[in-house]
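Have your viewer ready and try each task before reading on.

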Amino acid sequence: MAIQHLFHCTPIKAKMWLPPLVKAYALVVAFGPSFASADTYHLDISEQSVQLIGKAQQAVVANRGLPAPTLYWREGEQVNLQVTNHLQEQTSIHWHGIVLPYQMDGVPGISFDGIAPGQTFTYQFEVKQSGTYWYHGHSGMQEQQGLFGAIVIAPRHQHQTADRDYVVMLSDWPEADPHRTLARLKKQNDYYNFQKRTLGDFFADIGRLGFWETLSDRLAWGEMRMEPTDLADVTGATYRFLINGRTPDMQGRYLFKPGEKLRLRFINAAAMTHFDVRIPGLKMRVIAADGQPVAPVDVEEFRIAVAETYDVLVEPQTEQAYAIFAEAMDRSGYAHASLTPREDWLAPIPTKRPMTLLTMEDMGGGHGGHERHGQSGAEATHAIHGERLLPEKQEGQHTGHGEAAAVSGDNHAGHDAEPNVEQQVHSGHASSAPMDASEPSVPSHALLSYQQLKSEQPEHSLMGAPNREITLRLTGNMNRYIWSFDDIKYSDAEPVRVKLGERVRFHYVNETMMNHPIHIHGLWQYLENGNGMYNPKKHVINVKPGQTATVDVLADAEGEWAFHCHLLYHMDTGMFRKLIVEKAGYVLH
Amino acid sequence: MSSTDAILALLSLRSRLKPLLRGLGWLPLLFNAVHAQDDDMIFSHFKAERLEYEGNENLHLFKWDVQHWIGNDDHKLWLKTEGDYSADQDIFGRADLQMLYSRNIDTFWDFQIGARRAFEPERTFDAVIGFQGLAPYFIEVDSAMFISENGNVLGRLSLGYELLLTQRLILAPRVELNVAAEDIQYRGVKAGVTEFEAGLRLRYEIEREFAPYIGFDYVEEESLREHHHSLRAVMGVRLWY
Ligand SMILES: [Cu+2]
């Protein structure tokens, strides 16, 4: 298996974003010591000037790269990672999704003291898993400032083979210093929302829905003092969205030869952005979620929450450039790279889609009569896809694909995620036909949902009743930009304590209008999605607005773990807990 | 210096002052050990809601309405000042400074208590109790009751709303009401509504923090001696950091 994780890029562009030295270093890291069986890795954390938004900015990086070098480990390897802090402030590295002794987990104030300026900390642990993970800073805002990289762990026994294997690392890069971003949110929580409803939208809605209906909708939202366009706190108004550290302008490229099978390891390393990912014209076969193999599912598109990873297989048959297109969930921007058979071919940028409004259902209010916005996120698009799997003859309507918006206007009033969805489905069908024929056993879906994730390996201890159930409400005060669990901020909260060996069932009840990707360090969360002992295990569970997610946690690792929403500014403003797993009769604090 | 530069300069000043403010420990909430996350941070918010010229053929005034808070989510120290200055006559109209302790009491509301020093037209010292926050339907509310040294009770209520014409062009109606509980002979204050102000401002947010505006105010003043009402054009800037 050839592992190729570096971007192929034109020399000028390369100079613009990474000095040649860095490329050389990255090569060494990729193909030198780390990929060989040697097991000592060095990461130097420093400040570095980057050019991502047209002016020089300071980033916090590892080994002078943004993203940091991909670390290639092997299952069963004893890794030894020496992290040296060249900053003026404390730093730390957290190995996201990795099961390890808690002292090696890298969360200052919980699992260790952090790495002081000038110091080197050595992380040592045995790698007991395989798959796609990542690592990132857990001090201050360093993760948002560029301190993140991918981890690819080769399994002891190979499951899936691919001709090429690429890391596709998504992230968001801010225009302002992240501390200032947080300060702005504290002072004006809708600072970055430039998609609010205007007077014009009010009249447009009257035209569509009638006066009273529109008025009652506005009054319902007004009464709650909330905005249905509030899908993301920090948006494309300040963010550039990156794939492997590159903006769409920097034209990242992944090479392939037609007929090859490619494994794309998607990692959402963004601080605040959920992405909707698609590769127009290609069907994606999802084979792993959060590093863990799942029963294959063919999809046109998937949503990747902050900190999740998904591995997909694609098999482009034709000699053409395909877009890897990751739209921010609120549609305020996108990341784009090309999957291309030739260095000089770039994929066109697909038509962007309008945003989906939140509904009263998202608020958990269950007020009837508001379905007109379509249901939020996944279901909405799913439904649309469903009704739009039309015969090929429909294609005729869409001559001039670019102006597809005009087509949908009449028949589909009310549905927000429209026209080019259709395009996707069609083109997807055309090219994926051979795949369907050869492997009919894999069901095909327009959009991946959590319901479809089914673990490859059974976990027998999931059967029977859990030892304990804990309901955790995901709460917040959007107006003041305070986030919390059970209305208590981290600084005011007691740790959550569970006993070693317990199976604890958490019910995450999302009482807010935002998505919250909930992450537990050091322990797996088995998502209760109806597959029994085949429920998938994940390190991050995204909980949608107004919904409840149930997970089982096998408390099989003693120690003090971080337990938080992975949206950086939510974590920083209080949506965080310490989770203590302790032996009976032994109290940690 | 462009507006952005000015804002940046103010911001850097603020960030330089912040460690100092933290060090002073003037509120019992300052110190927090080094954690992975620090959800008890101190922020400070300066907001000049109105800095404007207001006038008609008889009247030329410069008015300000400025608020500044510093604190964490629950406890804040709040300074408010407003007033006007007539360049023609070189006199200040209503001008005061309030210093308040503010406590978050509900999702959308702060309770405030403190003192007011009025400078013009007359120097007084009042106790202040008020509520500030966001009412349903996005109505910004700032209310206060003033109790003077002599036991006179006065009140002030202002309501604001923002209507988006576009994402940056915003129409902001505003109403302010000043009331007195009883006649105050020596000040010429008449019980009831002493001043009523209704205005409409159209602002353009070049940056969120910097928005020039135009508009008008209708003002009615009622005292024991006289009754005025007038319509005035306004032009000014709203800025914050
Ligand atoms: Cu969150």
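**Exercise 1.** How many nonpolar, polar and charged residues does the lining of the second largest pocket have?

*Solution.* Begin with the classes: Ala, Val, Leu, Ile, Met, Phe, Trp, Tyr, Cys and Pro count as nonpolar, Asp, Glu, Lys and Arg as charged, and the others, Gly among them, as polar. Sorted this way, the lining has 17 charged, 15 polar and 13 nonpolar residues. Next, find the spot: of the 45 lining residues, G93(B), R94(B), P121(B), E195(B) and E221(B) lie nearest the centre of this pocket. Strand β4 (residues 91-106) of chain B gives the largest share of the lining, 6 residues; strands here are DSSP runs of E, at least two residues long, numbered from the N terminus.

A word on conventions: this is a predicted model, where local features need pLDDT of at least 70 and side-chain atom pairs count only at pLDDT 80 or more, while totals for chains, interfaces and linings use all residues. Residues are numbered from 1 along each chain as its sequence is written, chains are lettered from A and ligands numbered from 1 in the order in which they are written, and side-chain values use heavy atoms, with hydrogens and water left out.

**Exercise 2.** Which residues are the protein donors of the copper ion?

*Solution.* Look for N, O and S atoms within 2.8 Å of the metal (3.2 Å for Na, K and Ca). That gives ND1 of H516(A), SG of C565(A) and ND1 of H570(A), lying 2.0 to 2.1 Å from the copper ion. Then read the spacing of the donor residues in sequence, which is H-x48-C-x4-H. Finally, check accessibility: both C565(A) and H570(A) are buried (under 20% relative accessible area with a 1.4 Å probe, protein chains only).

**Exercise 3.** Why is one side of β22 and of β27 of chain A left without a neighbour in the sheet?

*Solution.* First, trace the open, mixed sheet of 6 strands in chain A: β22-β21-β24-β29-β26-β27. Strands count as paired if DSSP finds at least two bridges between them. β22 (482-485) and β27 (537-538) stand at the edges with a single partner strand each, so one side of each has no neighbour. Further in, β21 (residues 468-477) and β24 (residues 503-510) of chain A pair in the parallel sense over 7 bridges, and I470(A) stands opposite F506(A) in β24(A).

Definitions and conventions:
1 Å grid on protein atoms, 1.4 Å probe; cavity = no way out; pocket = protein on both sides within 12 Å on 5 of 7 lines; lining within 4 Å. Helix = DSSP H or I, 4+ residues; strand = E, 2+ residues; numbered from the N terminus. Buried < 20%, exposed > 50% of the residue type's maximum accessible area, 1.4 Å probe, protein only.
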